[in-house]
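Here are my notes on this model, in numbered points. Please read them with the structure open.

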Amino acid sequence: MNQSSGRSDPKQVVEQGYDRVAHDYARLEGEAAWPRLRWLRKLLDRLEPGSSVLDLGCGSGDPADIEIAKAHNVTGVDISQTQIDLARQNLPAGRFLHADAGSVQFPAASFDAVVSFYSLEHLPRQEHEALLRRIHDWLRPGGFLLFSMEADDIEEIVAPWLGVPMFMSCFDPETMKRLVVGAGFELVETAIESQVEQAHDIPYLWLLARKTPGSVRGSLSVSIRDLPPVHVAYIEYKANAEQSDMHNEISECFRRVQAWLTERGHDPMIQLTIGAITMADGQLSSYECCVQVSDQEQSGSGGVGVKDLLGGRYAVVSIEKDPRIIGESIGRFYQEYVPQHNLQVDGLRPTYEVYHERTMEYCVPIL
Ligand SMILES: C[S@@+](CC[C@H](N)C(=O)[O-])C[C@H]1O[C@@H](n2cnc3c(N)ncnc32)[C@H](O)[C@@H]1O
């Protein structure tokens, strides 16, 4: 691939590209069999009949979704309308959504497996970590993730492919594996395998992983993770007995940090939003309203500070952002999960609330 400037919107480049080459892409595999169905078999052998399987970047659904649908329910997502039209023709019983895998939403714990073949490298690699965490949320405890993606280290390129410009971006395989583990998965099997495309050998990372089983009952989903430190801009909200509208005041602090970032030309909506909780004598003593910033941001101003949030070993409870279940899930975590699993909560490090669009992660430091 010849490298060129990647200034155009990557999602548009991919969508328009696959709309034009969907039929040519379907013929590519004719050259020599790809390992996709062999890896898919490793997953299917582990699923109960009637499982729910999500395919991100499903393409025409041929052959993977056709194979999956022989025993399971398939939901496919693709950014190309032409691919979605082909998938609906190939598999009328499937559910196919024309959407961007980087922003599509599903309820927590709604799939038994998520697969993605040859597609993740078409999303900017800055989106990969957040996507893996969202996939983790969508999976039931013990659910599986299977994907393949080019085994390369490319920040981003737009290059000619099958006669159209195509966008690609990926981390090297070791980084990708670390992101998968960091998102709460245990690796089951990984390999680098080359396959022939247009007379070239292209190496792909294949990865089968499992969401660490940790659920007590219902939708309470807990994983034990090593969280990395996060560089953030923040405003500290100090709790005191007189404050009557804590919720609104905390929201206002988040708004001020986001405004501060916007003034500096950053888009706060694509950064992690984190609440860092410090307790004293069983009461909230402070809540730091934090938004992730790049390492280049070294000092704050106008009441906004900049610092690193400590990482370390955490129990991460994934919860839908529904006020009716947040309190209940956190209560069940402390009353049931902690004693059942002999966890020791570390009272010296803060608890974090990490906010995503429809879910949040309540992260409790453990020893
Ligand atoms: C190389 S094809 C793979 C298709 C299919 N998974 C297979 O195994 O043949 C990549 C597919 O990913 C889709 N895709 C790329 N970026 C996407 C995104 N951000 N969201 C959803 N689909 C995407 C493309 O439209 C294309 O159909």
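Helices (H or I, at least four residues) and strands (E, at least two) are DSSP runs, numbered from the N terminus. The model is predicted: local features need pLDDT of at least 70, side-chain atom pairs count only at pLDDT 80 or more, and totals for chains, interfaces and linings use all residues. Residue numbers start from 1 along each chain as its sequence is written.

1. Tyr118. This residue sits in the loop between β4 (111-117) and α5. Most residues other than glycine have a negative phi, and most peptide bonds are trans. Tyr118 is buried, because 20 other C-beta atoms lie within 10 Å. The cut-offs are 20 or more other C-beta atoms within 10 Å for buried, 12 or fewer for exposed, and partly exposed in between, with C-beta atoms placed from the backbone.

2. Other backbone points to check. Leu162, in the loop between β6 (154-161) and β7 (164-170), has a positive phi near 50 degrees. With 17 other C-beta atoms within 10 Å, Leu162 is partly exposed. The peptide bond from Asp62 to Pro63 is cis, with omega near 10 degrees. Pro63 belongs to the loop between β1 (52-56) and α3 (64-68).

3. Ligand shell. Which residues come nearest to the ligand? They are Gly57, Gly59, Ala101, Phe117 and Ser119, out of 22 residues around the ligand. A residue counts as near if its C-beta atom, placed from the backbone, lies within 6 Å. Both α1 (10-28) and β2 (73-78) supply at least two shell residues. The largest share, 4 residues, comes from α1. By class the shell has 11 nonpolar, 7 polar and 4 charged residues. Here Ala, Val, Leu, Ile, Met, Phe, Trp, Tyr, Cys and Pro count as nonpolar, Asp, Glu, Lys and Arg as charged, and the others, Gly among them, as polar.

4. Leu28. This residue lies in helix α1. Gln198 is 170 residues away along the chain, yet the two C-alpha atoms are separated by 7.2 Å.

5. Nonpolar cores. A core is a set of buried Ala, Val, Leu, Ile, Met, Phe, Trp, Tyr and Cys residues joined through C-beta atoms within 7 Å. The largest has 61 residues, and Val114, Val115 and Leu146 touch the most other members. Leaving out residues up to four places away in sequence, Val114 touches Leu54, Leu56, Ile135, Trp138, Leu139 and Leu145. Contact means C-beta atoms, placed from the backbone, within 7 Å. Apart from this core lies another, of 33 residues, including Leu261, Cys289, Tyr314 and Ile319.

6. Helix α6. Pro173, Met176 and Val180 are buried in this helix (residues 173-182). They lie on the same side of α6, because they cover an arc of only 60 degrees around the axis. That arc is taken from the directions from the helix axis to the C-beta atoms. The buried residues pack against α5 (128-138), β8 (185-197) and β9 (200-211). Just after α6, Gly184 takes a positive phi of about 110 degrees.

7. Domains. The assignment gives domain 1 (10-213) and domain 2 (223-365); such bounds come from an automatic or database domain assignment. Their centres, taken over C-alpha atoms, are separated by 31 Å. The contact takes 8 residues from domain 1 and 11 residues from domain 2.

Methods. Contact = placed C-beta atoms within 7 Å.
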